[in-house]
Amino acid sequence: MERLYFVHPTAVVDEGCEIGKGTKIWHFSHIMQGCRIGEDCNIGQNVVVSPGVVLGRNVKVQNNVSIYTGVICEEDVFLGPSCVFTNVINPRSAVPRKDQYRETLVCRGASIGANATIVCGHRIGRYAMIGAGAVVTHDVPDYALVVGNPARQAGWVSEYGHRLDFGTSGIALCPETGQRYCLSEGKVEKI
């Protein structure tokens, strides 16, 4: 049967993975048994995708990213170079905790910057943007921009990644698309 995705000769893809049509897996990456990768994904070099990980359609994973068991990325997620996920809150080498993995959900369209760390058990909202080097220790709302260590909210962004200025009206426009957004009771929605 013809393979409908690309795997570089140096990459390792274990038996028992689901990999969607049009996906590309690059140099020295390891795709482990039992993970599911959607269509049209791009997995950069030296990436680890652990068992049980789910990547939706069109997920872009840059070089040197570690995606551990418990992570689910919905479609159109961007994972920047060298970002990392955890899956246990209190790891110890001598204490097995594979039964204590916590799920992390990265919702549709979210972007995680280079060298960011996502501590397990949290939800990264739709179209949220995590700044480079941020350490996320709590849930991130839809459309939020978070930066720093620990990550704190620094504003809001559009689906195209532009900062939104709500002024006093509670309405903002994406400068690239003209899409309108409403800020009400601490939540942003596209209108």
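**View 1. The hairpin of β21 and β22, with Gly148 at a positive phi near 95°.** Four residues lie between the two strands of this hairpin. The model is predicted: local features require pLDDT of at least 70, side-chain atom pairs count only at pLDDT 80 or more, and totals for chains, interfaces and linings use all residues. Residues are numbered from 1 along each chain as its sequence is written, and side-chain values use heavy atoms, with hydrogens and water left out. Strands (E, at least two residues) are DSSP runs numbered from the N terminus. Strand β21 (residues 144-147) and strand β22 (residues 152-156) run antiparallel and are joined by four bridges; strands pair if DSSP finds at least two bridges between them. Across this pairing, Val146 stands opposite Gln153.

**View 2. The parallel pairing of β19 and β21.** Two bridges link strand β19 (residues 129-130) to strand β21. Here Ile130 stands opposite Val146.

View 3. Beyond its neighbours within four places in sequence, Ser111 is in contact (heavy atoms within 4.5 Å) with Phe78, Ala128, Met129 and Ile130. The C-alpha atoms of Ser111 and Val77 are 5.9 Å apart, although 34 residues separate them along the chain.

**View 4. Cysteines without disulfides.** Zero disulfides (pairs of cysteine sulfur atoms within 2.5 Å) are found in the whole structure. The closest cysteine sulfur to that of Cys35 belongs to Cys17, at 4.0 Å, which is too far for a bond. For Cys41, the closest is in Cys73, at 9.1 Å, also too far for a bond.
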